[in-house]
There are 2 protein chains.
Amino acid sequence: MSGTTPGIRAPRADARRNRDRILEVAEQYFAEHGVAGSLDQVAKNAGVGAGTLYRHFPTREDLLAALLAAREDHLTQQLEAIRADATDAATALHRWLAALAEWACAFDGLPDPLREALSENVSPLTLTCQGYITTTDGFLAAAQHEGSARKGVRARDLFLLVLATSWARSAAMADDSSLAGMLDLLRSGWARTTDK
Amino acid sequence: MSGTTPGIRAPRADARRNRDRILEVAEQYFAEHGVAGSLDQVAKNAGVGAGTLYRHFPTREDLLAALLAAREDHLTQQLEAIRADATDAATALHRWLAALAEWACAFDGLPDPLREALSENVSPLTLTCQGYITTTDGFLAAAQHEGSARKGVRARDLFLLVLATSWARSAAMADDSSLAGMLDLLRSGWARTTDK
DNA sequence: AACGCTAAGGAGACAGTCTCCGTTTGTCAA
DNA sequence: TTGACAAACGGAGACTGTCTCCTTAGCGTT
């Protein structure tokens, strides 16, 4: 035992190469055809057999989770930036939700498996979502404490509605301004209240 | 010519019977398995060949449109009731949106083809959606005129967000209270504003 | 009763998912 | 080096679902 964990062997070189190649190709393919595209086609584009693809990523969700893991950095960076700027809690929450919404638009059709991951809690995507809900809850609680967010609003609902907004975006002639518009609507609601 | 429109023949008795039977069975099947279920299975359950089903309803959307047409009465009745009660425009809008949200939950997965119908405007569902958007716009404009809805909110966005809410509902452990909660969020937003 | 034409049925082409198993290949110890 | 072994590969093929095409059945009319 030369320092590596006993019982766990390093993956073979070709396996690692194939895995990377699949991810690379899938990223491109999903970007073009949406996350519901043909997996066999991904395998073909990567120059591997279907069996190889399914061994590395047993389900579509596993593949998706790996792709999102690669993008996690980007969201994390935004998170840091938001925390650093920290003007008021409401602005921070709004910016975080906008970042989330953009994240969920990374691939066409992405919101669907994310929603799925929240209902049946045995998906490789579940953990990611749970984490982001927790983060959302942090921002939300701060804003509520500050008095700039209404009580009774729950982080999970908020997260779901942001996902839903991303889902809706692909209908709205796909312009990013309508995404922003709907997020504003989520913040302020359609009603003009004098509030209590 | 005995009063019937010339050039258009009455459908044959068996054709009509089959069509009705398919609708009846599809209603039940979709209610159980969602709108993405197997059409061949619907045909089998109805005791007809696949060809018969596809002749009557060339696409899944056609079948869906026919099913929704049968339910139109229900929504129309609610619409009348809302108009009759007419307390204030804001309440009316909220009740209308709630009715819409419930309507879009009639079958599991229904929001997806509805959203689709809005992006590519050549679907048998497009007309239905457009009509409901117009209705929404009526309520919205009244509320805006009354001063109880914010300016700048667009009916189409509102309709889409209601659809999105129905889409989100199926994740939220499917309890109807969370649907109501999200609709409230849509009305008031998460922010606690003193408004201008 | 016979005939013409609408509609039914279902076989089959096609596309996608996913598994299984014979074959290849990287790795490590001798 | 070489050989042995496990790890990984590839792709044929079973299965499911969509949708079309063409033959057959039978409705409605004369």
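Guide: Where chain B meets chain A, 41 residues of chain B are in contact with 41 residues of chain A, contact meaning heavy atoms within 4.5 Å. This is a predicted model, in which local features need pLDDT of at least 70 and side-chain atom pairs count only at pLDDT 80 or more, while totals for chains, interfaces and linings use all residues. Residues are numbered from 1 along each chain as its sequence is written, chains are lettered from A and ligands numbered from 1 in the order in which they are written, and side-chain values use heavy atoms, with hydrogens and water left out.

Now to the area. Chain B and chain A bury about 4,000 Å² between them, and 64% of that is on carbon and sulfur atoms. Buried area is the accessible area (1.4 Å probe) that two parts lose on being put together, summed over both. On the chain B side, B:W167, B:W190 and B:R192 lose the most area to chain A, and together they make up 25% of what that side buries.

Which helices of chain B take part? α5 (89-103), α6 (111-119), α8 (155-169) and α9 (176-188) of chain B each supply at least two residues of the side that touches chain A. Helices here are DSSP runs of H or I with at least four residues, and strands are runs of E with at least two, numbered from the N terminus. Of the elements on this side, α8(B) gives the most, with 10 residues.

Sorted by class, the side of chain B that touches chain A has 22 nonpolar, 9 polar and 10 charged residues. Ala, Val, Leu, Ile, Met, Phe, Trp, Tyr, Cys and Pro count as nonpolar, Asp, Glu, Lys and Arg as charged, and the others, Gly among them, as polar.

What about specific pairs across the interface? The rule finds 20 residue pairs in polar contact between chain B and chain A, both residues at pLDDT 80 or more. A polar contact is a pair of N or O atoms within 3.5 Å; within protein, one must be able to donate a hydrogen and the other to accept it, and residues adjacent in sequence count only if both atoms are side-chain atoms. The count of salt bridges between chain B and chain A is 0, a salt bridge being a side-chain nitrogen of Lys or Arg within 4 Å of a carboxyl oxygen of Asp or Glu.
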